[in-house]
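This briefing concerns pairs of oppositely charged side chains. Please examine the sequence and model shown below before reading on.

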Amino acid sequence: MKKVTMQDIADSLGISRTTVWKVFSGQDTVSAELRKKVIDKAREFNYSVPDTAFPEGTETLPPPSGIALAVCRPETSLFWMSIIHQAAKELSFQNINLIYTYLPSKIEEGYQLPANLTNGQASGMIVMNVYDERLLGLLAASPLPKVFLDTATHVPFSALHGDLVTMENSSSVSALTERLIRQGCRRFGFIGDINYALSNYERFMGFASALKRHGLTLEPEWSMTGSIGADTYREEIDAFLNTLPDMPDAFVCVSDYVACLLMQLLEKRGLRVPQDIAICGFDDITENPLAENLTSVRVFNRDIGTRLAAQIRYRIEHPAARFEQIYISSQPVFRSSTEIGKL
């Protein structure tokens, strides 16, 4: 990507390069209105605005008026909506609008980003629930300051050209697995598409590391970690269970959604949870009644939403600062779905 210059900023505003230089060097011969336009345009281009552009005694520039929320399928879960609502509330306290920008779950060659991500309407963007690698590449290439909540497994942090916020995944799932091992479980399975999201992969790694620490073998036949269709989870998990000659002592699931489906399918087979098999999930959801007794990992959505709002403000105000990868701590919650014996 071509490096943005002062001449590029000047050309985009129809002014001279000298005027841009005067703004960046803190000259008092430029009006406050024009100074704001130059700095706003520089930030839009992800150009590092020098501190000298804000000479002592000048007014602080007003905050951005709009932040784009680039999101796929937010309506699929209260999990996503609660984070969105918290971020929107935090930004509203600063008179900043959250501009909903709905994106497809998958894109084809030639797809172009929505206009409000490219026409200057937004000063930055928060990216959520986007896991298509091609779409993530387009978003990463945007000059807008950006903060991502999670990413695809094979799109690393370094390729995002923005900040990455996620919940802590590995240690919390490791703690769940450790607890089951102490309760006597020795044969484990894991269910969840670990190639879909970085968070899923980290949960699997926490699970696998706990087994390794205790000298237990990760048996592939009890685990379902490949691609799963967004609308075919029940059918694919059902088919997977049909292939098993016997059941493990416990299943660790990548999410509560998967764990609840699994419990229904096991019950259909006459298996009891936890008497015959222990089950645990992740997210600590509330919308499914089956999750009431499910051991899980509580994700603090309000804290995540608050941090997303704060981080996009920071990224807009400090475009040249090193990108940050931020983990928000999670908390294991133990319930009756794993109560198979005394500790």
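Is R213 buried, partly exposed or exposed? R213 counts as partly exposed, at 49% relative accessibility, where buried means under 20% relative accessible area, exposed over 50% and partly exposed in between (1.4 Å probe, protein chains only). This is a predicted model, in which local features need pLDDT of at least 70 and side-chain atom pairs count only at pLDDT 80 or more, while totals for chains, interfaces and linings use all residues. Residues are numbered from 1 along each chain as its sequence is written, and side-chain values use heavy atoms, with hydrogens and water left out.

**Overview**
- The structure holds 15 salt bridges, each defined as a side-chain nitrogen of Lys or Arg within 4 Å of a carboxyl oxygen of Asp or Glu.

**R213 and E178**
- R213 forms a salt bridge with E178, and their closest N and O atoms are 2.7 Å apart.
- The pair links helix 7 (residues 198-213), which holds R213, to helix 6 (residues 170-182), which holds E178, across 35 residues; helices (H or I, at least four residues) and strands (E, at least two) are DSSP runs, numbered from the N terminus.
- E178 counts as buried, at 15% relative accessibility.

**R269 and D238**
- A salt bridge joins the side chains of R269 and D238 (2.7 Å, N to O).
- R269 lies in the loop between helix 9 (256-268) and strand 8 (278-280) and D238 in helix 8 (residues 233-242), so the pair ties together parts 31 residues apart in sequence.
- R269 is partly exposed at 27%, whereas D238 is buried at 18%.
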